[in-house]
Amino acid sequence: VRVMYSDNHVTLKKAAKLLSAAHQGSTPGVSKSNGIVERQNQDIQDGLRAAINQAGLPACFWAYAAPHYCHMANTQVDPDTGTSPHFARLGVECAAKRIPFGCGVFFIPSKTKYAVSPTNMRTQFGVFLGYKMGVGGKWSGDYYVADLYDFIDCSLHEDADVDSFTHIRPHTTDTVDIPLAG
């Protein structure tokens, strides 16, 4: 890190000093003087709104949509350079499947969450919620999926109350497949 731009918070100024990085600060309390970060925040908010809208899920799913949007943006390969921001940071492209937020997927459920009867299909159908990230921004190899049955009797209106979804505990799974269009 050569130059660090921040809102001048004392902890961030100390971090810049510890990193021996030049520090450039914005005017405290004036968001327009922090245009770089504010523009990034606006991009993330616009992206998560689009993801939620496209998925047909309520706004209370923003906590899943935001990290999903960031992952998709960071792993998108630039056609001009042939690489992604993920590659620039970690030296490898992300091996995760690129799956739209809220997409219906087949997944292998977590054995720790519930036992699937031996007569049931090995995979269940669910709603794709994102990627489990590991230390340093590396993909862990797992995905987050909510069981479709978790949505029974839940309002999917955009303003649905978050309390209607507190029972949803997404599965962490390493196997997801998008159904074939037929």
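**Entry 1: order of elements**

I read the elements along the sequence and got the pattern β-α-β-α-α-α-β-β-β-β-β. I counted four helices and seven strands in the chain. Both kinds are DSSP runs numbered from the N terminus, with H or I over at least four residues for helices and E over at least two for strands. The model is predicted, so I note its limits: local features need pLDDT of at least 70, side-chain atom pairs count only at pLDDT 80 or more, and totals for chains, interfaces and linings use all residues. Residues are numbered from 1 along each chain as its sequence is written, and side-chain values use heavy atoms, with hydrogens and water left out.

**Entry 2: whole chain**

I noted that the C-alpha trace spans about 65 × 40 × 35 Å along its principal axes. Of the 182 residues, 30% count as buried; buried means under 20% relative accessible area, with a 1.4 Å probe and protein chains only. I then looked at contacts (heavy atoms within 4.5 Å). Among those between residues at least 6 apart in sequence, 50% join residues at least 24 apart.

**Entry 3: histidine 71**

I located histidine 71 in helix α3, residues 62–75. Is histidine 71 buried or exposed? Histidine 71 has a relative accessible area of 8%, so I put it down as buried. Leaving aside neighbours within four places in sequence, I found histidine 71 in contact with Cys94, Ala96, Tyr131 and Met133.

**Entry 4: helix α3**

I checked the length of α3: its 14 residues should span 20 Å at 1.5 Å a residue, and the end C-alpha atoms are 20 Å apart, which agrees. The expected span is 1.5 Å times one less than the number of residues. I listed the buried residues of α3 as Ala65, Ala66, His68, His71, Met72 and Thr75. These buried residues pack against α2 (35–55), α4 (85–90) and β4 (124–133).

**Entry 5: α2 against α3**

I looked up the axes of α2 and α3, which come within 8 Å and cross at roughly 115 degrees. Axes are lines fitted to C-alpha atoms, for helices over the stretch in contact, and angles run from 0 to 180 degrees between N-to-C directions. The two helices are therefore roughly perpendicular, a term covering 65 to 115 degrees.

Which residues of α2 and α3 meet? On the α2 side I found Asp43, Ile44, Gly47, Leu48, Ala51 and Ile52, and on the α3 side Trp62, Ala65, Ala66, Tyr69 and Cys70. I sorted the residues of this contact into nine nonpolar, one polar and one charged. Here Ala, Val, Leu, Ile, Met, Phe, Trp, Tyr, Cys and Pro count as nonpolar, Asp, Glu, Lys and Arg as charged, and the others, Gly among them, as polar.

How values were computed:
Buried < 20%, exposed > 50% of the residue type's maximum accessible area, 1.4 Å probe, protein only. Parallel < 35°, antiparallel > 145°, perpendicular 65-115°, else oblique.
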